[in-house]
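Welcome, and please open your viewer. We will take this structure one stop at a time, with something to select at each.

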Amino acid sequence: TKNALVKCLHCDTYLHDGRNIDEYRLLKLQQIYKIIEKDSCISEDEKQIYEQVLKALTERTEETVSTLSVEVLDKVFICVINDHPEIFYVSGYVYTSRSRGDETVSLTIKGKYDYDEAECEERLAAIEQEAENMLTGIPANATDYEKIKHVFDTLVNETEYVADAADNQNICSVFMGKQSTCQGYAKATQYLLNKVGVETTFVSGDVAAFSRIKDWCLYASHKT
């Protein structure tokens, strides 16, 4: 499998590590980029809901949200999960709708958790330690490109692609198991690059999971 570090598709150019990127893969990157532009934004009104959902998930509380729309709540929940790879322990949410007669008057959310708080702390500590190990070697004066390339190469070389790897939809698979799928690679990329000051978001489409880096697109490939 070819590894591809791809420049922002706005300018129709790209960089890579010396190996060609076939037209099919570049087409898929462009398709995913369209998904990014369409679905990556929340409105000003939804930012308050975002903070309420984030608080509910990280503090394990039930929070009232500033919307009566389950559709809006679901959209914001997905945004929160995509923005925060460290919230690997949430597998979904439960909402409660309260009504007065036929009118909905409030909506609350609380998370569904895969691990209890003690196990979460243990996993977070292990992830943090391994993340620091992976980032060793990046010079203090490194450019964004050098940081991106280091993270990309480290993840590709140290993580095996295994379709049925444990926790393959979150960062535990990469930092603890060293086996993952495209979603695990992309979330780990996001986690590491955000730690070194390179703004990165996670995008999931029909063809792959993908990391969007500010002014760049990174195709999180793997070795086979």
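What follows is a short walk from the whole chain to single residues.

**Before you start**

This is a predicted model, in which local features need pLDDT of at least 70 and side-chain atom pairs count only at pLDDT 80 or more, while totals for chains, interfaces and linings use all residues. Residues are numbered from 1 along each chain as its sequence is written, and side-chain values use heavy atoms, with hydrogens and water left out.

**Stop 1: the whole chain**

Select the protein chain and colour it by secondary structure. There are seven helices and nine strands in the chain. Helices (H or I, at least four residues) and strands (E, at least two) are DSSP runs, numbered from the N terminus.

Now switch to a surface view. The protein chain exposes about 11,700 Å², and carbon and sulfur atoms supply 46% of that area. Accessible areas come from the Shrake-Rupley method with a 1.4 Å probe; for residues, only the protein chains shown count as cover. Of the 224 residues, 46% count as buried. Here buried means under 20% relative accessible area, exposed means over 50%, and partly exposed lies in between (1.4 Å probe, protein chains only).

How much of the contact count comes from residues 24 or more positions apart? Such pairs account for 56% of the contacts in the chain with a separation of 6 or more. A contact means heavy atoms within 4.5 Å.

**Stop 2**

A search of the whole structure finds nine salt bridges, each a side-chain nitrogen of Lys or Arg within 4 Å of a carboxyl oxygen of Asp or Glu.

Lys 195 and Glu 128 meet in a salt bridge of 2.9 Å, N to O. Because Lys 195 lies in helix H7 (residues 182–195) and Glu 128 in helix H4, this pair ties together parts that are 67 residues apart in sequence. Lys 195 also forms a salt bridge with Glu 132, with the closest N and O atoms 3.5 Å apart. That pair, too, links distant parts of the chain: Glu 132 sits in helix H4 and Lys 195 in helix H7, 63 residues apart.

**Stop 2: along helix H4**

Select Glu 121, which is found in helix H4 (residues 117–135). Its relative accessibility is 54%, so Glu 121 counts as exposed.

Next, select Glu 119, Arg 123 and Asp 167, which are linked in a network of salt bridges.

**Stop 3: a pair within helix H5**

Select Lys 149 and Asp 153. Both lie in helix H5 (residues 144–158), four residues apart, about one turn of the helix. Is Lys 149 buried or exposed? Lys 149 is buried, with a relative accessible area of 19%, whereas Asp 153 is partly exposed at 24%.

**Stop 4: two valines**

Select Val 90 in strand S3 (residues 90–100). Val 90 is buried, with a relative accessible area of 10%. Not counting residues up to four places away in sequence, Val 90 touches Leu 57, Phe 77, Ile 81, Lys 112, Tyr 113 and Asp 114.

Then move to Val 70 in helix H3 (residues 70–83). Val 70 is partly exposed at 31% relative accessibility. With residues up to four places away again left out, Val 70 touches Tyr 93, Tyr 95 and Leu 107.

**Stop 5: two loop residues**

Most residues other than glycine have a negative phi. Select Arg 60, in the loop between helix H2 (44–59) and strand S2 (63–64): its phi is near 55°, a positive value. Finish at Lys 178, in the loop between helix H6 (172–177) and strand S6 (179–180), where phi is near 60°, also positive.
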